[in-house]
Amino acid sequence: MTLDPRGSLPGAEHRPGGERGGFGALLVARGLLGEAALQSALGSQRPGASLVEALLDSGLVEESALIAALADYTGLEQVDLANYPIDSASARLVSPAMAKRYRAIPVGWEQGALLVAVSDPSNVLVVDDFRTVTGAPIRMILAPPSSVAAAIASCYRSDDEAERASAEAASSFEGAAPELASVREVVEDGPIVKLVNLLIGQAVTDRASDIHIEPGSRDLRIRFRIDGVLHEVMRPPSSIAAGVISRVKIMASLNIAERRVPQDGRITTRINGQPVDLRVATLPTVWGEKVVMRILDKSTAMLKLSDLGFLPENMERYERSYRKPYGTILVTGPTGSGKSTTLYATLNILNDVSKNVITVEDPVEYQLEGINQVQVNTKAGLTFASALRSILRSDPDIVLLGEVRDRETAQIAIEAALTGHLVLSTLHTNDSSSSPGRLIEMGVEPFLVGSALDCIVAQRLARRLCERCKQPYWVSPDDLARVGWDAERLGDIGEPREVYRAVGCGVCGRTGFHGRFAVHEVLTVTEEVERVITERGHSEDILKVGLAEGMLTLREAGLREVLAGRTSIEEVLRVIA
């Protein structure tokens with residue numbers, strides 16, 4: 001049995017006794033309610049109230065049993081909101097006051113309809129008013145009243161508190177002088193402290209990797225980067241910009257008096273009882289200092305290589321290289337493409353008591369057990385190059401160099417690989433075949449580059465399709481060929497194949513994606529590749545040799561993931577040129 005278009009119980013009229021012959025009879029038949037108790041509940045109904053409301057108010061029936069019976073009677077889906085992935089963006093489509101008034105909360109999307117969790121589906125106004133406010137078709141699902149109340153309290157608490165903290169902070173800054181003493185006094189006040197803590201807590205809850213705080217002429221824009229894409233979450237008034245930014249700088253032990261040059265720092269705090277590390281960077285702009293806080297997820301450092309998304313053939317090529325006792329392995333890609341995660345996962349495999357593993361990083365993002373990690377300190381004269389020289393006198397077996405930045409660092413790293421060390425590092429290039437040329441441009445001799453390099457991994461992070469809402473469709477061989485599938489090298493897919501596109505639901509925040517994985521291009525430096533490097537061959541020449549030897553390009557590896565159903569063609573084209 002289902003709801004009528006107005007959302008009321010079938011055949012139920014909102015008057016005393018109107019549901020006696022339907023839902024009330026079902027409760028009596030199930031032994032959940034005696035006939036006398038039913039008469040009492042019907043007699044105590046408030047004008048305009050339903051039997052469900054009367055029973056919930058009276059407590060005559062246990063709420064879980066009542067909701068189970070109601071689900072059977074109406075045919076509505078029953079959920080436990082305590083274990084349901086509530087989409088906070090969906091919940092924010094209605095005001096906290098409206099959710100509390102109707103004892104209902106939007107929890108996500110399904111096939112274009114907004115899912116609203118309710119305890120009493122006989123209330124016609126829930127559907128009508130929620131549809132008017134959100135402009136979306138409404139589909140109700142059932143949940144116990146206690147879990148609906150808890151979800152309302154949880155979902156709207158941070159928003160309410162953030163808005164209150166923002167308003168209080170704005171009033172604190174009214175008339176405040178811009179002098180340093182005034183700013184320091186206000187940022188230590190409660191509202192600013194609370195607002196910054198709420199922002200960090202919400203970012204962690206939303207799985208954000210970065211928090212962007214950007215001052216403007218009229219307001220302060222705050223955005224979270226989730227699965228590689230920025231989402232705006234708040235625009236408090238510009239009057240609190242100086243306070244918020246100064247508060248973050250104080251937490252990161254930065255100089256709040258210096259606003260003309262960029263600064264870097266680190267914050268260690270606790271969110272919901274869990275330790276959270278953030279890397280902080282400030283950048284002077286025309287409207288004030290922009291702050292970016294990178295949230296460092298410590299679980300990232302303990303990931304296994306098998307969790308990173310390597311295709312089997314790429315994994316085999318990469319493993320052959322890192323198992324060698326010496327040589328250089330470079331991981332390339334833009335900022336935020338997961339290069340450090342790949343290197344840490346490799347170190348977790350190589351790290352054992354028989355090897356001396358030393359790293360040089362700027363900064364040390366994740367602390368690894370059993371590994372000697374060195375933090376670069378340019379002010380004290382400890383640069384990548386000087387640290388690397390000292391490391392080579394410390395009897396290392398494996399050296400991880402955070403980044404090859406200049407000629408001196410590149411030269412020492414290459415020489416270390418040629419003298420019996422395994423060197424792991426990162427480099428900023430777009431693909432694997434252009435990396436040798438980048439080292440040669442830095443001033444390293446081509447024959448040294450060719451001899452020392454053993455493997456170059458280029459990678460990008462692609463968003464993973466949401467398993468709950470991804471939608472299948474058919475793609476033809478010609479469609480794949482147009483986006484880069486080489487049938488001669490990779491094989492013809494034959495008949496049209498089923499792939500998936502992003503749709504969007506409550507689980508993924510209507511983005512169609514949930515989480516990310518890495519797409520890899522693994523170039524093994526064979527004798528033929530080494531010959532091309534030594535002869536100062538162009539990157540295109542290196543690429544041709546790599547392809548002839550079975551290398552998958554980034555685009556091709558991404559399309560393989562599309563055929564496996566892990567991501568969409570549009571996402572591959574977005575992250576891979």
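In which sense do strand E10 and strand E14 pair, and over how many bridges? The model examined here is predicted, and local features need pLDDT of at least 70, side-chain atom pairs count only at pLDDT 80 or more, and totals for chains, interfaces and linings use all residues. Residues are numbered from 1 along each chain as its sequence is written, and side-chain values use heavy atoms, with hydrogens and water left out.

Strand E10 (residues 327-332) and strand E14 (residues 422-427) pair in the parallel sense over six bridges, where strands (E, at least two residues) and helices (H or I, at least four) are DSSP runs numbered from the N terminus, and two strands pair if DSSP finds at least two bridges between them. Within this pairing, Leu330 has Ser425 in E14 as its bridge partner. Both strands belong to an open sheet of seven strands with mixed pairing, in the order E12-E11-E13-E14-E10-E15-E18, and its edge strands, E12 (372-375) and E18 (513-524), each pair on one side only.

Elsewhere, helix H10 (residues 190-205) packs against helix H11 (residues 241-251) at an angle of about 75 degrees, with the axes 10 Å apart; axes are lines fitted to C-alpha atoms, for helices over the stretch in contact, and angles run from 0 to 180 degrees between N-to-C directions. That angle makes H10 roughly perpendicular to H11, a term covering 65 to 115 degrees. In the contact (heavy atoms within 4.5 Å), residues of H10 including Ile192, Leu195 and Ile200 meet residues of H11, among them Val244, Arg247 and Met251.

How values were computed:
Angles under 35 degrees count as roughly parallel, over 145 as roughly antiparallel, 65 to 115 as roughly perpendicular and the rest as oblique.
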